[in-house]
Amino acid sequence: MIMNRLATKAISAVARTPSSRGFSTTSAVDAKVAVLGAAGGIGQPLSLLCKLSPEVTELSCYDIVGTPGVAADLSHIPTKSSITGSLPSPVSWPPRGNGGLAETLTGADVVVIPAGVPRKPGMTRDDLFNTNAGIVKTLVEGCAEYCPDAMIAIISNPVNSTVPIAAEVLKKAGKYNPNKVFGVTTLDVCRANTFVANHMGVDPKDVDVTVVGGHAGITILPLFSRVNGAKFTDEELEKITVRTQFGGDEVVAAKAGAGSATLSMAYAGYIFTENLLKAIRGEDIVQCAFVESNLTDAPYFASPVKFGKDGVKEILPLGELSAYEKKWFDKMMPELKNQIKKGVDFVNN
Ligand SMILES: NC(=O)c1ccc[n+]([C@@H]2O[C@H](COP(=O)([O-])OP(=O)(O)OC[C@H]3O[C@@H](n4cnc5c(N)ncnc54)[C@H](O)[C@@H]3O)[C@@H](O)[C@H]2O)c1
Ligand SMILES: O=C(O)C[C@H](O)C(=O)O
């Protein structure tokens with residue numbers, strides 16, 4: 001329930017904000033958000049949503065291409081947040097300062113990372129590892145140097161490996177705070193909510209599915225047994241569970257070589273980010289996230305997490321799984337642990 005209430009509130013905030021007449025005055029405290037990979041399929045709409053958000057006062061967009069244009073474009077939207085766009089070289093919009101990662105990250109409260117290549121049909125998320133592991137490593141090294149206290153929200157796939165990569169990079173730099181590094185699994189929750197609401201014939205805002213595990217195929221485990229009033233035949237439950245686990249593949253297939261989910265991910269990334277900013281401002285927030293965790297014998301696990309101003313405040317108990325969910329849980333664990341280990345080894349070997 002909590003996440004959906006927040007999602008609804010967040011959307012109504014957006015709906016109010018982009019008036020050509022005025023500027024939102026909702027946020028009381030300055031908050032800088034940096035989007036790394038901001039010129040990409042996710043990065044552009046995510047940056048747009050951040051520019052519209054009353055929770056963001058400063059938005060810095062970074063990519064290896066295109067960000068001066070993205071920033072100049074977004075800067076014409078009449079919301080009160082300031083905006084910059086930087087490339088790795090000292091090129092930025094507006095043309096001042098040194099650009100680069102240093103300017104992008106210095107002073108950031110939240111860093112959101114959708115940088116990296118997306119899947120094509122026939123690929124798994126793990127097939128992205130060779131390219132994206134290095135990208136995430138370099139960007140998080142920048143975070144360690146320029147914004148060691150920021151919360152880091154990782155979207156780049158494979159999330160089950162890129163989050164451990166980020167943690168190991170920060171450990172090496174002596175800057176790791178496990179409460180401030182998260183993999184974004186919100187899109188799995190969005191999909192589960194949408195699919196179950198369609199099944200039940202209710203408004204998606206009235207359901208909030210807990211999704212645990214990781215973010216790849218069978219490591220995604222939606223706990224539909226906890227949805228009040230939901231009734232499934234065995235066949236229906238299997239269908240909706242597998243559809244949630246492989247929702248990403250559905251989009252990759254439909255895009256037919258042009259990438260993976262971007263618009264729904266921008267929405268999900270924005271909800272996650274805005275919730276972090278609300279937590280920083282003192283609201284108690286509960287949302288699912290892939291974090292360092294001792295709930296299971298996997299060192300990282302996605303589950304409902306309570307967030308406060310310093311990041312993770314409490315990882316909520318997993319609770320009891322149904323027999324059907326336990327079957328998936330047992331199947332998922334070896335895969336999840338392998339993908340985590342692959343990320344840890346990438347930095348240390
Ligand atoms: N966590 C999730 O639920 C989820 C959902 C959808 C997509 N994703 C992942 O998000 C990533 C991005 O997807 P997309 O569709 O936006 O891809 P995209 O190719 O459209 O955009 C990626 C952007 O990253 C930039 N980039 C590459 N190397 C960079 C670097 N070193 N520094 C800064 N920027 C760099 C590219 O220039 C590009 O603009 C993919 O890995 C995809 O699998 C995750
Ligand atoms: O499926 C993908 O490769 C992108 C993303 O992880 C998703 O779940 O949509």
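The shell around ligand 2 consists of Pro118, Arg119, Arg125, Asn157, Leu187, Gly248, Val251, Val252, Ser260 and Ala261, where a residue is near a molecule if its C-beta atom, placed from the backbone, lies within 6 Å of it. This is a predicted model, in which local features need pLDDT of at least 70, side-chain atom pairs count only at pLDDT 80 or more, and totals for chains, interfaces and linings use all residues. Residues are numbered from 1 along each chain as its sequence is written, while chains are lettered from A and ligands numbered from 1 in the order in which they are written.

**Ligand shells**

- Helix α9 (residues 247–255) supplies 3 residues, the largest share of the shell around ligand 2; helices (H or I, at least four residues) and strands (E, at least two) are DSSP runs, numbered from the N terminus.
- The ligand 2 shell holds 5 nonpolar, 3 polar and 2 charged residues. Ala, Val, Leu, Ile, Met, Phe, Trp, Tyr, Cys and Pro count as nonpolar, Asp, Glu, Lys and Arg as charged, and the others, Gly among them, as polar.
- Around ligand 1 there are 34 residues, of which Gly37, Gly40, Gly41, Ala115 and Asn157 are the closest.
- Helix α5 (residues 129–146) gives the most to the ligand 1 shell, with 4 residues.
- The ligand 1 shell divides into 19 nonpolar, 13 polar and 2 charged residues.

**Annotated binding-site residues**

- An unreviewed UniProt entry annotates Arg119, Arg125, Asn157 and Arg191 as "binding site"; UniProt positions are given in the numbering used here, feature names are shortened, and annotations may be inferred rather than shown by experiment.
- Arg119 sits in the loop between β5 (110–113) and α5, and counts as buried because it has 21 C-beta neighbours inside 10 Å. A residue is buried if 20 or more other C-beta atoms lie within 10 Å of its own, exposed if 12 or fewer, and partly exposed in between.
- Leaving out residues up to four places away in sequence, Arg119 touches Arg125, Leu128, Val252 and Ser260; two residues are in contact if their C-beta atoms, placed from the backbone, lie within 7 Å.
- Asn157 belongs to the loop between β6 (151–154) and α6 and is buried, with 27 other C-beta atoms within 10 Å.
- Beyond four places in sequence, the contacts of Asn157 are Gly116, Arg125, Leu128, Asn132 and Thr162.

**Annotated active site**

- The "active site" annotation in the unreviewed UniProt entry covers His215, which is in the loop between β8 (211–213) and β9 (220–222).
- His215 counts as buried because 27 C-beta neighbours lie inside 10 Å.
- Among the residues that His215 touches, not counting those up to four places away in sequence, are Val159, Asn160, Gly183 and Asp188.
- Asn160 is in helix α6 (residues 159–172) and is buried, with 32 C-beta neighbours inside 10 Å.

**Whole chain and confidence**

- The protein chain contains 11 helices and 12 strands.
- Buried residues account for 51% of its 349 residues.
- The C-alpha trace spans about 60 × 50 × 40 Å along its principal axes.
- Mean pLDDT, the predictor's confidence in each residue from 0 to 100, is 91 for the protein chain, and 91% of its residues reach 70 or more.
- Over residues 1–26 pLDDT stays under 50.
- The model scores are ipTM 0.99 and pTM 0.93.
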